[in-house]
Amino acid sequence: MRVEVEKIRDESNLLRMVVLANLSKIADPIPNKLLTVTAYTSVELREVPEQQLLTASLSKPKEGAIAVSRDLFKQGWVFGKKVYIKNHGVFVITDLMGNSKTKSVDIYMNDQDRALQFGKKQIEVVLLDV
């Protein structure tokens, strides 16, 4: 009987240690990141109108798509993953930003005026696990 009680106590202590070691993940299972969010658009090439602009994932840029900074990409924010941008909706990662950008997301917009009007904001962003 005493051996069983010791075994249960050991298992209980082990479970407590695992929970304490992972408390931040348990308390916040979907980590939000406060990121710099901007907007971008493509400008048609007048010299070669039939040439199609492509994103880094080799798809056509379209509404509902975003580019992410390379530091986020290295953390698993890869092509095809969905991202929720607070008060703006869900977007799909299809493009990468330039090397100088960090902790940033760029929303693709068809309208250049709308993209410029969006500006630069600090917004909570969540990488969705869907």
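Predicted model: local features only at pLDDT ≥ 70, side-chain atom pairs only at ≥ 80, totals over all residues.

Modeller: Residues are numbered from 1 along each chain as its sequence is written, and side-chain values use heavy atoms, with hydrogens and water left out.

Biologist: Why is the pair of Tyr 40 and Tyr 108 called edge-to-face?

Modeller: Rings of Phe, Tyr and Trp (its six-membered ring) pair if their centres lie within 6.5 Å; planes under 30 degrees apart count as stacked, over 60 as edge-to-face and the rest as tilted. The centres of Tyr 40 and Tyr 108 are 5.3 Å apart and their planes lie at 80 degrees, so this pair is edge-to-face.

Biologist: What makes the pair of Phe 73 and Phe 79 tilted?

Modeller: Their ring centres are 5.0 Å apart and the planes are at 55 degrees, so the pair is tilted.

Biologist: Why does Phe 79 count as partly exposed?

Modeller: Buried means under 20% relative accessible area, exposed over 50%, and partly exposed in between (1.4 Å probe, protein chains only). Phe 79 has 31% relative accessibility and therefore counts as partly exposed. Phe 73, at 25%, is also partly exposed, whereas Tyr 40 and Tyr 108 are both buried.

Biologist: How do you know that β3 and β4 pair?

Modeller: Two strands pair if DSSP finds at least two bridges between them; strands are DSSP runs (E, at least two residues), numbered from the N terminus. Four bridges join β3 to β4, and these strands run antiparallel.
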